[in-house]
Amino acid sequence: MSVKVRIPTPLQPLTDHQPELEASGETLREVLANLEERYPGIRERLYDDGGTLRRFVNVYVNDEDIRFLKGEDTALSDGDEISIVPAIAGGGPACG
Amino acid sequence: MTASNCYTTGLRCQECGRDYPAKAVYSCEYCFGPLEVTYDYDRIRRVMSADTIASRPQNLWRYRELLPIAGEPAHGLNSGFTPLVRADNLARELGVQDLYLKDDSVNRPTLSYKDRVVPVALSRAIELGFDTVGCASTGNLANAVAAHAAVAGLRAVIFIPAGLELGKVLGTLVYGPSLISVKGTYDEVNRLCTEIAAKYPWAFVNVNLRPYYTEGAKTCAFEIAEQLGWRAPEHVVLPVAGGTLLPKVWKGFRELHELGLIPELPSRLYAAQPEGCSPVVDAIREGTDIIRPVRSPQTIALSLAIGNPADGYYVLKAVSESGGYGDIASDQEIIEGIRLLARTEGIFTETAGGVTIAVLKKLIDSGRIPRDESIVACVTGNGLKTTEPMSGRLGEALTIEPSLASFEDRAGKLLELAAA
């Protein structure tokens with residue numbers, strides 16, 4: 001599968017300043033591994049020491065949060081668009 | 001922040017521990033974790049005592065060494081230090097012995113706990129050179145930013161999800177900000193604000209000024225401890241939306257303990273969320289550290305309708321470290337909680353407060369909170385702002401003609417008047 005991946009600004013120094021890349025893989029996990037092969041260093045920014053995606057990195061497949069899909073096991077189709085987005089300060093607290 | 005009366009040492013990533021200067025940055029460049037203010041506690045210990053605090057005006061700045069500003073407090077001088085109400089009537093009703101309410105429904109000037117976080121954020125915004133402030137809000141924060149910005153002479157650009165209660169919309173517009181209603185959920189509003197904050201040189205109090213803003217919530221803990229005679233209560237029940245208040249109340253108690261201002265730290269913290277938007281309490285009850293966002297919150301507690309809480313992980317951490325728990329309240333239970341608080345203690349709280357009272361009751365009934373230990377419930381907002389869901393649920397006024405005959409005819413049975 002060939003998919004499109006949007007890279008957030010803080011990671012673009014690792015991707016020769018490209019904001020958008022083509023990558024390949026059957027699942028999200030494989031796509032992120034594919035990115036690491038081509039742009040070493042990206043993995044440690046996205047994963048913690050225990051090998052899980054960092055809590056404040058959000059990943060979307062076609063604008064859907066992967067936490068609503070199958071996480072890293074989410075299967076991909078040709079042409080899917082993946083966005084890596086630093087989790088934002090997502091909320092106004094107790095009474096917003 | 002180098003002034004001698006400034007005790008802030010900088011910002012630190014809560015995830016990976018990397019340090020940053022105290023500027024308008026809020027997330028770690030390396031791991032994207034949220035940043036938090038750090039302090040020089042050794043210096044603070046030398047200057048901050050119960051006596052120095054007691055000598056200061058009764059506002060949120062009486063704990064200024066533990067708040068992240070460089071200069072002298074100049075904004076929100078009449079905010080904070082809200083009543084800690086001993087709630088004997090409610091205690092009797094719930095079958096407990098030692099119950100207090102931290103009543104931020106009468107915080108000044110906008111009647112919610114946001115009056116303690118916004119002055120801190122705006123003070124820091126001015127120190128960092130901003131002339132425009134903003135926020136993403138479900139209403140209370142909008143009210144507070146609009147009011148405090150108006151007084152401080154700052155331009156305010158405020159973003160809310162469409163469909164908020166009229167009281168919260170008018171209670172923002174009256175201060176004259178630019179108010180922008182976004183056709184989407186709060187989480188979508190917040191995401192938009194993050195993009196806007198990256199493009200325009202504005203200080204969004206709960207986005208790029210979030211590290212400073214959230215520190216203001218510690219004053220809730222400082223006040224509770226001081227008002228109890230410098231001790232921490234054994235149980236504290238708090239509403240959870242984005243997740244600022246609960247972790248910062250925990251941080252506040254820990255700081256007081258670290259500084260020796262309270263002898264012990266027995267407090268357990270409990271999270272209250274509405275059924276229909278309870279991502280944090282779900283994680284607590286399932287014993288997982290993964291928070292699954294709620295895509296379409298469904299609750300009358302609109303101020304708690306945040307499906308993707310920014311600081312939800314830190315709520316889990318604080319609840320876990322303190323040995324607390326969490327529970328949820330249905331719409332019906334929220335209304336009952338509001339009515340219970342009103343008829344026992346005379347406090348009309350908003351829907352979020354109804355969630356807190358309903359969850360307090362459940363935690364007592366289920367035995368999670370023992371009946372003979374000290375309890376504080378935080379009432380964070382005012383019911384006059386969220387009247388819509390109450391409408392039709394409280395009965396209605398009896399309408400009569402302006403005559404004694406009509407009064408006795410219509411009201412006689414209701415009031416059990418003796419026949420004349």
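## Domains of chain B

In this predicted model, the domain assignment divides chain B into domain 1, covering 8-78 + 114-213, and domain 2, covering 84-110 + 217-390. The C-alpha centres of domain 1 and domain 2 of chain B are 21 Å apart, and the contact between these domains draws 30 residues from domain 1 of chain B and 30 residues from domain 2 of chain B.

On the side of domain 1 of chain B that touches domain 2 of chain B, two or more residues each come from α1 (41-47), α2 (50-54), α4 (114-127), α5, α6 (166-173) and α7 of chain B. Sorted by class, that side of domain 1 of chain B holds 14 nonpolar, 9 polar and 7 charged residues.

## The open sheet

Chain B contains an open sheet of 6 strands with mixed pairing, in the order β4-β5-β13-β10-β11-β12. Its edges are formed by β4 (84-86) and β12 (325-329) of chain B, each of which pairs on one side only, and from one strand to the next the twist averages 25 degrees.

Within this sheet, β10(B) pairs with strand β13 (residues 374-379) of chain B in the parallel sense, over 3 bridges, and B:H235 stands opposite B:I375 in β13(B). Helix α14 (residues 351-365) of chain B packs on the sheet, where it touches β10, β11 (268-274), β12 and β13 of chain B, and the direction of α14 makes about 145 degrees with that of β10(B).

## The α9 and α10 pair

Helix α9 (residues 218-227) and helix α10 (residues 245-258) of chain B have axes that come within 7 Å and cross at roughly 50 degrees.

## Contact between chains A and B

The contact between the chains takes 48 residues from chain B and 20 residues from chain A. On the side of chain B that touches chain A, β6 (132-136), α5 (140-152), α7 (186-199) and β10 (235-239) of chain B each supply at least two residues, with α7(B) giving the most, 5 residues. The residues on that side of chain B divide into 23 nonpolar, 17 polar and 8 charged.

Terms used: Residues numbered from 1 in each chain as written. Chains lettered and ligands numbered in written order. Predicted model: local features only at pLDDT ≥ 70, side-chain atom pairs only at ≥ 80, totals over all residues. Contact = placed C-beta atoms within 7 Å. Helix = DSSP H or I, 4+ residues; strand = E, 2+ residues; numbered from the N terminus. Nonpolar A, V, L, I, M, F, W, Y, C, P; charged D, E, K, R; others polar. Pairing = 2+ DSSP bridges. Axes fitted to C-alpha atoms, helices over the stretch in contact; angles between N-to-C directions. Domains from an automatic or database assignment.
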